[in-house]
Amino acid sequence: MAIHTGTWPNGVPCWVDCSYQEAHRGLHHAKDFYGRLFGWHVVDGDDDYAICLKDDHPAAGITLTQDENAPTVWNTYLAVDDVDTFVQRVAQAGGQIILPPQEVGASGSMAFCSDPTGAVFGLWQGGEHPGFGISGEAGTVAWSTLLTKDLDAARAFYAEVFGYTYVDADEYGVVAALPDGTRICSIHLADQLPDDASASWLPHFGVADRDSSAQLAQELDGFILMTFDSPMGPEAIIQAKHGEVFGIVEVEEA
């Protein structure tokens, strides 16, 4: 079991949450869909925020918005030790500040930004909630990928802001690593995306068996957008009933 305590290093994808437009209906669906797909127990919190637990450890969140124009999406948060400092770095590197830093009670502080290629991400300075309490196994986030149409711009931005170094580089993408060599995410060239499709961060949730999990997602009113084999293992891209897209990847049992 990949249990984590304490804060995460700067730049590491440390948390994900799904923002639903239809508050109560969306939350009801999320509890059923993700509870059955990943074995989550969803605990309602304050201020329209729920925590999804895997084996009693925080694995993801569900947030509810009253904005009728907001799409249902999975948000990826990158860890920072000082959200104000990193917001300045984002702006200096050519990114945009969508939501300026704000405290989230005792849980921590956050901001929302976009990189120069258009991908939106959160910054999370952990307090009582440092981020994932469990990851890297079935039912938890196993990997994160930035899909972008401008690989060079994305590489330059995240290296400048977070100090990413890159390994396993080819014309289609790179694996990002911390200065100590720890591999944390990937940046993938998605030049076949439609013209109106934005760059985005895509969480990949671990599953014990790709095919059976994809079939279950379909039985729960989701859609299998594609299946393929990658260096990480058998993968599938899923779109849930309310429109959010995520990946699943087969991982070895702990």
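A: A contact here means heavy atoms within 4.5 Å. By that criterion, among contacts between residues at least 6 apart in sequence, 61% join residues at least 24 apart. The model is predicted, so local features need pLDDT of at least 70 and side-chain atom pairs count only at pLDDT 80 or more, while totals for chains, interfaces and linings use all residues. Residues are numbered from 1 along each chain as its sequence is written, and side-chain values use heavy atoms, with hydrogens and water left out.

The part to examine is strand 1, residues 13-20, in a protein that has four helices and 16 strands (DSSP runs numbered from the N terminus, H or I of at least four residues for helices and E of at least two for strands). Eight of the eight residues of strand 1 are buried, so this strand is largely enclosed by the rest of the structure; buried means under 20% relative accessible area, against over 50% for exposed and partly exposed in between, with a 1.4 Å probe and protein chains only. Over the protein, buried residues make up 49% of the 254 residues.

Strand 1 has two partners to consider, where pairing requires that DSSP finds at least two bridges between the strands. With strand 5 (residues 73-79) strand 1 runs antiparallel, joined by six bridges, and here tryptophan 15 stands opposite tyrosine 77. With strand 4 (residues 57-64) the pairing is in the parallel sense, over four bridges, and serine 19 stands opposite threonine 63.

Elsewhere in the chain, strand 2 (residues 41-44) and strand 3 (residues 49-54) run antiparallel and are joined by four bridges, with valine 43 opposite isoleucine 51. These two strands form a hairpin with four residues between them, and aspartate 47 in the turn has a positive phi of about 55 degrees. Lys54, the residue at which strand 3 ends, is among the residues touched by alanine 138, which also touches Gly206, Val207, Ala208 and Val251, not counting residues up to four places away in sequence. Alanine 138 lies in the loop between strand 8 (120-126) and strand 9 (141-148), and its C-alpha atom is separated by 7.8 Å from that of glutamate 250, 112 residues away along the chain.

As for the whole, the C-alpha trace spans about 45 × 40 × 40 Å along its principal axes.
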